[in-house]
Amino acid sequence: MIEKTRHDIPVEHPIRQLFQQLTERGMGQLHLHDPDTISYITDLLTEFVRIEDMYRVKDETGCRVQYLFDMLTQARNAVSPDLRRDYYKNLGDLTLFNLGLFPESLTHGHRTVSPDYYAEAGRRSYTIVAEMESSSSSRTHVFRKLSEQFAQCVSGLNWVKLYINDPFYQYMLREFEIT
């Protein structure tokens with residue numbers, strides 16, 4: 001099962017505006033200026049501010065699923081196409097987020113994952129979501145771009161991470177009580 005996102009952060013909230021600016025700068029370093037992709041990644045960063053929105057996939061017992069293999073298994077076994085699509089979208093989002101901001105988490109703990117395998121799972125997940133979306137959906141092209149430019153989006157998020165770790169942004173995060 002996959003839970004719905006519980007916390008919507010308003011469009012005018014400073015954290016969303018900060019992530020918009022950082023994403024534009026990070027993607028701009030790679031000459032990726034697509035507003036739809038930047039908007040999607042901004043929304044992703046904002047949504048994942050809260051950990052419970054990051055790990056929305058639950059197993060049969062209601063426990064949070066955190067490992068890639070377990071998420072892939074649940075996605076493949078989902079009966080409903082809408083549920084399968086949601087699983088793969090969440091998987092793509094999670095892999096993009098982790099590779100971009102926390103790549104060290106892949107080699108920490110009991111289950112280490114090859115970053116290349118992790119990236120391929122994320123890229124493939126976005127491809128599956130794009131194929132499952134109706135061709136008239138405005139988001140279909142965003143998922144295709146995320147799939148095709150997955151590595152560049154990860155690199156753009158690596159830039160975002162550098163900006164977030166910058167002392168000036170650390171100061172701004174504290175000033176706006178974001179941290």
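Analyst: Start with one definition. A helix here is a DSSP run of H or I with at least four residues, and helices are numbered from the N terminus. The model is predicted. Serine 39, for one, sits in helix H2.

User: Is serine 39 buried, exposed or partly exposed?

Analyst: Two cut-offs are needed. Under 20% relative accessible area is buried, over 50% is exposed, and what lies in between is partly exposed. Serine 39 has 32%, so it counts as partly exposed.

User: How far apart are the C-alpha atoms of serine 39 and aspartate 86?

Analyst: They are 19 Å apart. Along the chain, 47 residues separate serine 39 and aspartate 86.

User: Stay in H2. Where is isoleucine 41, and what does isoleucine 41 touch?

Analyst: Isoleucine 41 also belongs to helix H2. Its relative accessible area is 0%, so isoleucine 41 is buried. Leave out residues up to four places away in sequence, and isoleucine 41 touches Thr23, Met27, Leu96, Leu146, Cys153 and Leu157. The C-alpha of isoleucine 41 is 12 Å from that of leucine 18, which is 23 residues away along the chain.

User: How do I read a nonpolar core?

Analyst: The general idea is that in soluble globular proteins, nonpolar side chains tend to be buried together. In this model, the largest nonpolar core has 48 residues, and Ile41, Leu45, Leu96 and Leu146 touch the most other members. H1, H2, H4, H5, H6, H7, H8 and H9 each contribute at least two residues to this core. H5 gives the most, with eight.

User: What is leucine 146 in contact with?

Analyst: Set aside neighbours within four places in sequence. Leucine 146 then contacts Thr37, Tyr40, Ile41, Leu96, Tyr126 and Cys153.

User: How do I find the buried face of a helix?

Analyst: An α-helix has 3.6 residues a turn, so residues three or four places apart point the same way. Take H7. Its buried residues are Thr140, Val142, Phe143, Leu146 and Ser147. Viewed down the axis of H7, they fall within an arc of 165°, so they line one face of the helix. Their cover includes H2, H5, H6 and H8.

User: Which residues of H8 are buried?

Analyst: Phe150, Cys153, Val154, Gly156, Leu157, Val160 and Tyr163 are buried in H8. Down the axis of H8, these too lie within an arc of 165°, so they line one face. The face turned away from that buried side carries exposed Ala151 and Leu162.

User: Which helices do the buried residues of H8 pack against?

Analyst: They pack against H1, H2, H5, H6, H7 and H9.

User: What does the length of H8 show?

Analyst: H8 covers residues 150–165, which is 16 residues. From first C-alpha to last, H8 reaches 23 Å, close to the 22 Å expected at 1.5 Å a residue.

User: How do I describe an aromatic pair?

Analyst: Use the distance of the ring centres and the angle of the planes. This structure holds seven aromatic pairs. In one of them, tryptophan 159 and tyrosine 163 have ring centres 6.4 Å apart and planes at 40°, so the pair is tilted. Tryptophan 159 and tyrosine 163 are four residues apart in helix H8, so about one helical turn separates them. Tryptophan 159 is partly exposed at 33% relative accessible area, whereas tyrosine 163 is buried at 16%.

User: Which residues form one aromatic cluster?

Analyst: Tyr40, Tyr126, Phe143 and Phe150 do.

User: What does lysine 89 touch?

Analyst: Lysine 89 touches Tyr40, Tyr126, Val129, Arg139 and Phe143, not counting residues up to four places away in sequence. Lysine 89 is in helix H5. Its relative accessibility is 13%, so lysine 89 counts as buried.

User: How many disulfides are there?

Analyst: A disulfide is a covalent bond between the sulfur atoms of two cysteines. The structure holds zero. Look at two cysteines. Cysteine 63 is partly exposed, with a relative accessible area of 44%. Cysteine 153 is buried at 0%.

User: What about phi of histidine 31?

Analyst: Most residues other than glycine have a negative phi. Phi of histidine 31 is near 60°, a positive value in a residue other than glycine. Histidine 31 lies in the loop between H1 and H2. Histidine 31 is exposed, with a relative accessible area of 66%.

Conventions:
Residues numbered from 1 in each chain as written. Predicted model: local features only at pLDDT ≥ 70, side-chain atom pairs only at ≥ 80, totals over all residues. Heavy atoms only, no water. Disulfide = S-S within 2.5 Å. Buried < 20%, exposed > 50% of the residue type's maximum accessible area, 1.4 Å probe, protein only. Expected span 1.5 Å × (residues − 1). Arc of directions from axis to C-beta. Contact = heavy atoms within 4.5 Å. Core = buried A, V, L, I, M, F, W, Y, C linked by side-chain atoms within 4.5 Å. Phe/Tyr/Trp six-rings, centres within 6.5 Å; stacked < 30°, edge-to-face > 60°.
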